[in-house]
Amino acid sequence: MPNDFNQQVIDEFRAGNGRVGGWFEGARLLLLTTTGARTGTRHTTPLGYLPDGGDRVLVIASAGGSPRHPDWYRNILAHPRVTVESGAFTYEADAVVLEGEERDRSFARAVEADPGWAKYQEKAGDRVIPVVALYEIAAPGPPDIRAGSMGEAIRLVHDTFRQELALLRTEMAKNAGPSLGAQLRVNCLTFCQGLHNHHTGEDTALFPFVADRHPAAASALARLRAEHERIAELVLEMRQVVWTAGEPSAVQAEFERLAAELEAHLTYEEEQLIPLLDG
């Protein structure tokens, strides 16, 4: 069973679709549900995570620098199939422990983004803190979103992007070095890929669904598709700056251009589509 502190975080996370206050306010947080190695009982643990591209995220078995691995890590060694709650989304994943150079590179990125990880490793002594990749398992049909209607689902997904924009803005402001940090670069590229995937899904599934049932929405859908193309151009420009130069000021300028047009797009889409979907 989770302790009182963890349970409070879990309850707040679920009630706020990923938003929490206190110690974890402004952090990237997920809920990881594992199967007990000895008992077979399901256990949920709130964990910080690192974006790591489109198909996986990373979690670190720090246990606050304890000399012993945390229970959730021992559970995934016995039962690597896990459930991940990430804001509005819930999905099944395979947990894979990173080894050798891959583990070291990933942990170095984590330390660069937050030196606290290095303090945990120092405190842990001889225990090498594991890094675990969570690979989402593709499932048929739409994603599992904590929403009671299609309109609410759109709003929750949009709020997830808004939350990520806020996190990236904060991370860029903290980046004081001459070049973009390695983990911040991954965060930016992961955000771009997620935005591309979302808009592709809308173009191929949601918008045809709305067009079939609401012919009067044709002009709004045409505008939304055009905005998708414009945002795709901005995403490409941002990816190129992130990948090639990596200078914080240049990336921040491209990011703010993208953020401004994306926020206007999200707002317009909500105004036009949510009344139709929830009506």
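Me: What covers the buried residues of α1?
Reply: This is a predicted model, and in it the cover over the buried residues of α1 includes β1 (29–35), β2 (42–48) and β5 (81–86).

Me: Which residues of α1 are buried, then?
Reply: Asn-6, Val-9, Ile-10 and Phe-13. They sit on the same side of α1, because the arc they cover around the axis is only 100 degrees.

Me: And which ones are exposed on the other side?
Reply: Over there, Asp-4, Gln-8 and Ala-15 are exposed.

Me: How many residues does α1 have, and how far does it reach?
Reply: α1 runs over residues 4–15, so to speak a 12-residue helix. From first C-alpha to last it reaches 16 Å, close to the 16 Å expected at 1.5 Å a residue.

Me: What follows α1?
Reply: Asn-17, with a positive phi near 50 degrees.

Me: Switching to helix packing. At what angle do α5 and α6 pack?
Reply: About 160 degrees, with the axes of α5 (residues 150–174) and α6 11 Å apart. Angles over 145 degrees count as roughly antiparallel, and α5 and α6 are therefore roughly antiparallel to each other. Their crossing is left-handed.

Me: Which residues make that contact?
Reply: On the α5 side, they include Met-150, Ile-154, Val-157, Phe-161, Leu-165 and Leu-168. On the α6 side, Leu-184, Cys-188, Phe-191, Gly-194, Leu-195 and His-198 are among them.

Me: What about α6 and α7, what's the angle there?
Reply: About 165 degrees, and the axes of α6 (residues 182–213) and α7 (residues 218–244) are 10 Å apart. That pair is therefore roughly antiparallel too.

Me: Left-handed or right-handed crossing?
Reply: α6 passes α7 in a left-handed crossing.

Me: Where is His-199?
Reply: In helix α6.

Me: Buried or exposed?
Reply: His-199 counts as buried, because its relative accessibility is 6% and the cut-off for buried is under 20%.

Me: What is His-199 in contact with?
Reply: Leaving aside neighbours within four places in sequence, His-199 is in contact with His-228, Ile-231, Leu-262 and His-265.

Me: Last one: how far apart are the axes of α3 and α4?
Reply: 7 Å, with α3 (residues 100–113) and α4 (residues 116–124) packing at an angle of about 120 degrees. That makes α3 oblique to α4. The contact is made by Arg-103, Phe-107, Ala-110 and Val-111 from α3, and by Trp-117, Ala-118 and Gln-121 from α4.

Technical notes. Residues numbered from 1 in each chain as written. Predicted model: local features only at pLDDT ≥ 70, side-chain atom pairs only at ≥ 80, totals over all residues. Heavy atoms only, no water. Helix = DSSP H or I, 4+ residues; strand = E, 2+ residues; numbered from the N terminus. Expected span 1.5 Å × (residues − 1). Buried < 20%, exposed > 50% of the residue type's maximum accessible area, 1.4 Å probe, protein only. Arc of directions from axis to C-beta. Contact = heavy atoms within 4.5 Å. Axes fitted to C-alpha atoms, helices over the stretch in contact; angles between N-to-C directions. Parallel < 35°, antiparallel > 145°, perpendicular 65-115°, else oblique. Left-handed = near helix turned anticlockwise from the far one by under 90°.
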